[in-house]
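Thanks, everyone. I will take this one step by step, starting with some aromatic side chains and then moving on to helices.

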Amino acid sequence: MADCIRVPLLLLLMCILSAVHRTRGDNSVIARLTGNADNLQNPAGGPGPAAVIPLAAERNLGAGASLPRRRSAGWKLAEEAVCREDLTRLCPKHSWNNNLAVLECLQDKKEETEIAAECNHLLWNYKLNLTTDPKFESVAVEVCKTTISDIKECAAEELGKGFLVSCLVDHRSNISDYQCNQYITKMTSIVFSDYRLICGFMDKCREDINSLRCGSISTGEKDVHSQGEVIACLEKGLVREVEEQPGAHAIKDDCKKAIMRVAELSSDDFHLDRYLYFACREDRERFCENTLAGEGRVYKCLFNHKFEEAMTERCQEALTTRQKLIAQDYKVSYSLAKACKSDLRKYHCSVDTNMPRAREARLSYLLLCLESVVHRGRVVGGECQGEMMDYRRMLMEDFSLSPEIVLHCRSEIEGHCSGLHRKGRTLHCLMRVGRGDMGAIDPNCQRALQTLIQEADPGADYRIDRALNEACESVIQTACKHIRNGDPMILSCLMEHLYTEKMVEDCEHRLLELQYFIARDWKLDPILYKKCQGDAARLCHTHGWNETSEMMPPGAIFSCLYRHAYRSVEQGRRLSRDCKVEVQRILHQRALDVKLDPELQRRCLTDLGKWCSEKTEAGQELECLQDHLEDLVSDCRVVVGNLTELESEDIQIEALLMRACEPVIQSHCHEVADNQIDTGDLMECLVQNKHQKEMNEKCAVGVTHFQLIQIKDFRFSYKFKTACKEDVLKLCPNIKKKVDVVMCLSITVRNDTLQEAKEQRVSVKCRKQLRVEEVEMSEDIRLEPELYDSCKQDITRLCQNVAYGNAQVIECLKENKRQLTSRCHQRIFKLQEVEMVDPELDYQLMRVCKHMIRRFCTESEGKNVLQCLKQNKNSELMDPKCKQMITKRQITQNTDYRLNPVLRKACKADIPKFCQPILNKATADSELEGQVISCLKLKYADQRLSSDCEDQIRVILQESALDYRLDLQLQIHCTQEISSLCPEEAAAQEQTGQVEECLKVNLLKIKQDACKKEVLNMLKESKADIFVDPVLHTACALDIKHHCAAIPPGRGRQMSCLMEALQDKRIRLQPECKKRLQDRIEMWSYAAKVAPAEGFSDLAMQVMTSPSKNYILTVIGAGVALLFLMGLLCGRFTKRVTQELKDR
């Protein structure tokens, strides 16, 4: 045992003392030992074994001067004059007759203030001389006979050289015999009272003691027996070297081993660490009065109270030094080494050939190795786990116990975190710096923090993080009280309540600081690791929990897991069900803060600073990145795109949005939400119910934002992507934006429909989803970027106070169409053209008339919905709001024939035939303002239209006759006349043709020629069909039924019938009908004078529509017959031409 710490034979005496106290002399062996101790020679001189100890003479110099040269065989320390006063003052009288009892009493006193220097010197020489007595080794053999035979190393030691007792001290943890154990335990206290009594320590550390100026070992200097400060000084020097502090001295390896060995041997009883014992005596009485000494219990008690306000600064310093030594070698903690000894051996935590021996001994290695065992589901003893928990908490409480943090985070601590040492606050401050909340952090410091979090593993038990525990205690008691204390799910519960009313600000900060580092190593979430370790090994090629050779960037494993979590069955290599649930849980948590996604933060750091530096509220940073998707650098754009695509499949990842939308989900979407397997259904449900009364502003804004993000890429709409992916690749390749894809596919569907293709190129499932997307896009102008960009100025000018959503802005622009800028006007016109072809895309119409469509148009196809509503517009069951909306759409249709697809198809041949001049003047993007329809109306009066076109114009005439607003030309030219001549009629809510009647009655008062012409056209049109004159038709309804029932309507037939009945004195018409007919005759007469026929066709039309048509035709016929007869009679009076003249 060349390198042993040779414990002097004096330690035998402690066994005697212990035995005296415990057995009261009943044991004969102990009695003999006591006698031997009292018969030892004078410690100052006299012949004897003192001469065999090297340097004994030096150490005894000065002692003989004050002490008699020889004492009797029964010499007592109590009899020495130099110690009598201290003994009388400090030790009970019954102990005076026993030298060892006196020695034990005096050596635990604080020498500088309590014991005289001469007495100190006497005691030290007495202990030194005791070690030279060979009798004690033989007594040790007798007391520990059984133990020596059990410990092979000690049985092999050569007797007579003092090595046996040293060996027993080394193996005292294995001693089971009570008397031997007490003997070894007690005798060590004397040795540790002075470093010079420890065999070999002085030789190994002499140079380092002098270099560090830890004390003096020169001959003749004052000898005090409590030189624990020398060892404490060396320990501090060792810590400074490990932390690479400026000016640190490099201690020799042999001395390092000696220092650590002394610390290890003093680990069970705090009395053995003399510096700490004297520094913490008062604190021990204050905090650990009832804690029994031995097995490291007092150390642990003091550690637990280290940050108490009442703890003295000197004791805190001594405890911190001891903790730092434990961090370097776990065996310096007696309780930890003992509790985990079998587990370390069982799981081979001390035989890693890739690790240097010093690394294996470090506390961090022990924790990582055994934590790995626990995470793999293996059994680790309860006592060992308890000890591990204590030391993991210790590491989290005091950053200075981790030399890497002290070394690499020095500037961060000084710059941001000084003065926060207590209770883990400095560590959390460093975590906050690491998150980027307080400036940049050194990469080495970041790695040191990540390593510490892995070692302490607070994700397994939140109580390990004292700062978090204290900050979140109230939240845990209220929000997470249903979860067992210490369960890993507590952290998950806290994350679920982040940014809720139950969360407190301090807890929020501590939680995000910790989660930032847990998020960067998937293994630090114990539940995720437990459920996914098999999948990670299979799909992502991971290794053990504490594997240090994984060269993957932070978050890479989790990224791999979530890519596989959302794969389809066809794609294969999917996650297990349990693992997928955990991956979804983590994704939900990470959506709360962009910094919890390592890959996103790493790739988007520049973009976050560039675009989103002012976005500090929860969830705003990711929304900001999505808003600037096109502006991001490629790497960041890919990550944000992938995450958005993932959200489209499972919107519940957006935890903040789900909280905001809880009311509407519970009311309208709970079945979809409860399915757990989301395929975009929940978001679709939220979009469809975006305007329900349960929808709050936060939810509506969140849903709309997601819709706006979806238009950037068709892949962001999961259901659309799934349904139309193949169609897009085939029909719309190289198109990425969802709006463009939808337009491309819509045009394809429309063309196939118009051309009546045998087979539609777009699949059925895609067409179905395409309709959903088109309807959703029509709800908000912002979902159609081209339209929105074209009309931004107009929206600001005309619709500033109109809210987005419900197509309200689009409706506002339609109502102010005449005031729009050219570019916006063109876009709105095109939009209306599409909506009229497919009314289901008219969001306002479908929303306002939703119930009426169900009532009247359940059997109608989507494209015929508006036509159906128009036909039922005047039904008593029609909702007034829907009726008003139908009227708006009718007005829109009458502004331009292109907005009336039914009319356009019916009059396909008539329009170019009769109205070509109007078409020649028009441009593709400008509206015709009702000119073509007015043209067709006139041709209807002339009875020159095709039957299909005539039917459609008749309907338009009938509708516009009831509501002047449907006749755009009339409204344009007669605005002033209507307001001046017919204000009451125009103000009526229900339009029944009274405005038109008013204008007809006041025809003579109309001054503007254009308006007068329009009124005259109305009169002309009413001649062609009585239905076009609703006032006259209402007044003459009974007369038509009685006198003209057999005459079909149209072409003026029923009007002619009524005129003949008016002239027939035998027929008595209804007074109102008679009066109205007479008024009409006067109007037509005036019209004939004011507006004579412009051509033969007009003249013929006037004749045919005149009430005196028969008379006029008779006169014209008589005139023609007369001319014919005159030609017959007068032709022979002309000179006959001879044949000769003809033949010339």
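Let me start with Trp 522, which counts as buried because its relative accessibility is 6%, under the 20% cut-off. Keep in mind that this is a predicted model.

What does the ring of Trp 522 pair with? The structure holds seven aromatic pairs. In one of them, the ring centres of Trp 522 and Tyr 529 are 5.1 Å apart, and the planes are at 45°, so this pair is tilted. Tyr 529 is buried too, with a relative accessible area of 3%.

Another pair is made by Tyr 516 and Phe 517, with 5.1 Å centre to centre. Here the planes are 80° apart, and the pair is edge-to-face. Both Tyr 516 and Phe 517 are buried. There is also an aromatic cluster, formed by Phe 270, Tyr 277 and Phe 278.

Phe 270 takes us to Arg 297. The C-alpha atoms of these two residues are separated by 8.5 Å, although they are 27 residues apart along the chain. Arg 297 is found in helix H18, residues 297-304. Is Arg 297 buried or partly exposed? Arg 297 is partly exposed, with a relative accessible area of 33%. Leaving aside neighbours within four places in sequence, Arg 297 is in contact with Thr 291 and Leu 292.

Now for helix packing. Helix H33, residues 556-565, and helix H34, residues 577-590, have axes that come within 10 Å and cross at roughly 115°. The crossing is left-handed. On the H33 side, the contact residues are Phe 558, Leu 561, Tyr 562 and Ala 565. Those in H34 include Val 583, Ile 586, Leu 587 and Arg 590. By class, the contact has eight nonpolar, no polar and two charged residues. Arg 590 also lies over the face of Phe 558, at 4.2 Å from the ring centre. A further arginine, Arg 782, lies over the face of Tyr 804, at 4.2 Å from that ring centre.

Next come helix H42, residues 681-688, and helix H43, residues 697-710, which pack at about 115° with axes 10 Å apart. Met 683, Leu 686 and Val 687 of H42 make the contact with Val 703, Phe 706 and Gln 707 of H43. That gives five nonpolar, one polar and no charged residues.

Nine of its 11 residues are buried, so H57 is largely enclosed by the rest of the structure. Among the buried ones are Lys 937 and Lys 939. After H57 comes Gln 943, whose phi is positive, near 60°.

Notes. Residues are numbered from 1 along each chain as its sequence is written. This is a predicted model: local features need pLDDT of at least 70, side-chain atom pairs count only at pLDDT 80 or more; totals for chains, interfaces and linings use all residues. Side-chain values use heavy atoms; hydrogens and water are left out. Axes are lines fitted to C-alpha atoms, for helices over the stretch in contact, and angles run from 0 to 180 degrees between N-to-C directions. Helices (H or I, at least four residues) and strands (E, at least two) are DSSP runs, numbered from the N terminus. A crossing is left-handed if the near helix is turned anticlockwise from the far one by less than a right angle, and right-handed if clockwise. Contact means heavy atoms within 4.5 Å. Ala, Val, Leu, Ile, Met, Phe, Trp, Tyr, Cys and Pro count as nonpolar, Asp, Glu, Lys and Arg as charged, and the others, Gly among them, as polar. Buried means under 20% relative accessible area, exposed over 50%, partly exposed in between (1.4 Å probe, protein chains only). Rings of Phe, Tyr and Trp (its six-membered ring) pair if their centres lie within 6.5 Å; planes under 30 degrees apart count as stacked, over 60 as edge-to-face and the rest as tilted. A charge sits over a ring if NZ of Lys or CZ of Arg is within 6 Å of the ring centre and within 35 degrees of the ring normal.
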